Amino acid sequence: MNEEVSSFIDSLNQPWKVEVCNQLRHLVHKTIPEVEERIQYKKPHFLKNGQYAAVISPSKDAIAFMIMNASDLDVPKGFEGPTERKWLKIREGDSPDYDLLSQLLNQASSSF
């Protein structure tokens with residue numbers, strides 16, 4: 001795992017954000033074992049075979065988990081974004097379906 005990504009997550013100002021980001025990060029690594037991670041545009045990006053697969057994007061009151069290459073995904077209600085990328089905003093106290101996120105990420109990244 002990339003030390004820059006670890007430092008980024010550890011520096012978040014609220015414990016719940018750190019926990020959610022760490023869970024999402026582990027989900028990405030479990031779903032895409034060969035994933036590469038790096039800080040780009042001041043947030044963690046995850047790549048498979050050089051193509052963007054996912055992004056973790058913290059904001060003031062949420063953590064957005066973005067899945068790239070989402071054109072063929074059947075995403076449930078609650079996701080936002082244009083056809084090619086979808087994200088779910090996770091707020092304090094939310095209980096995201098990490099298994100569903102893993103399935104969607106796996107499906108989206110299976111073509112590259």
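Reader: Buried or exposed: how does K42 count?

Author: The scale is relative accessible area: buried is under 20%, exposed is over 50%, and partly exposed is in between, with a 1.4 Å probe and protein chains only. K42 comes out at 74% and counts as exposed. One caveat before we go on: this is a predicted model, so local features need pLDDT of at least 70 and side-chain atom pairs count only at pLDDT 80 or more, while totals for chains, interfaces and linings use all residues. As for bookkeeping, residues are numbered from 1 along each chain as its sequence is written, and side-chain values use heavy atoms, with hydrogens and water left out.

Reader: Where does K42 lie?

Author: For that you need the elements: helices (H or I, at least four residues) and strands (E, at least two) are DSSP runs, numbered from the N terminus. K42 sits in the loop between β1 and β2. Its backbone is worth a look too, with phi near 65 degrees, a positive value in a residue other than glycine.

Reader: What is phi of N69, then?

Author: Near 60 degrees, again positive in a residue other than glycine. You'll find N69 in the loop between β4 and β5 (79-80). At 34% relative accessibility, N69 counts as partly exposed.

Reader: On to charges. How many salt bridges does a search of the whole structure find?

Author: The general idea is that side chains of opposite charge can pair when their charged atoms come close. The cut-off here is a side-chain nitrogen of Lys or Arg within 4 Å of a carboxyl oxygen of Asp or Glu. Run over the whole structure, the search gives 4 salt bridges. Among them is R25 with E37, where the closest N and O atoms are 2.5 Å apart. R25 belongs to helix α2 (residues 15-31) and E37 to strand β1 (residues 36-40), so this pair ties together parts 12 residues apart in sequence. R25 and E37 are both buried.

Reader: Which residue does K48 form a salt bridge with?

Author: With E34, and the closest N and O atoms are 3.9 Å apart. Here distant parts of the chain are linked: K48 is in strand β2 (residues 43-48) and E34 in the loop between α2 and β1, 14 residues apart. Look at the accessibility as well: K48 is buried at 11%, whereas E34 is partly exposed at 42%.

Reader: And what is the partner of D61?

Author: R91, with 3.7 Å between the closest N and O atoms. This one goes loop to loop: D61 lies between β3 (51-58) and β4 (63-68), R91 between β6 (85-90) and α3 (98-109), and the two are 30 residues apart. D61 is partly exposed at 44%, and R91 is partly exposed at 36%.

Reader: Now helices. At what angle do α1 and α2 pack?

Author: Two packed helices are described by the angle between their axes and the distance between the axes. Axes are lines fitted to C-alpha atoms, for helices over the stretch in contact, and angles run from 0 to 180 degrees between N-to-C directions. Helix α1 (residues 3-10) meets α2 at about 150 degrees, and the axes are 9 Å apart. That makes the two roughly antiparallel (over 145 degrees; under 35 is roughly parallel, 65 to 115 roughly perpendicular, the rest oblique).

Reader: Which residues meet there?

Author: Contact means heavy atoms within 4.5 Å. From α1 you have V5, S6, I9 and D10, and from α2 V18, C21, N22 and R25. By class that is 4 nonpolar, 2 polar and 2 charged residues (nonpolar: Ala, Val, Leu, Ile, Met, Phe, Trp, Tyr, Cys and Pro; charged: Asp, Glu, Lys and Arg; polar: the others, Gly among them).

Reader: How do α2 and α3 pack?

Author: At about 45 degrees, with axes 10 Å apart, which makes α2 oblique to α3. V20, Q23, L24, L27, V28 and T31 of α2 meet Y98, L101, S102, L105 and N106 of α3. Those residues divide into 7 nonpolar, 4 polar and no charged.

Reader: Last one: how far apart are E4 and R38?

Author: In sequence, 34 residues; in space, 7.0 Å from C-alpha to C-alpha. E4 is in helix α1 and counts as exposed at 52%.
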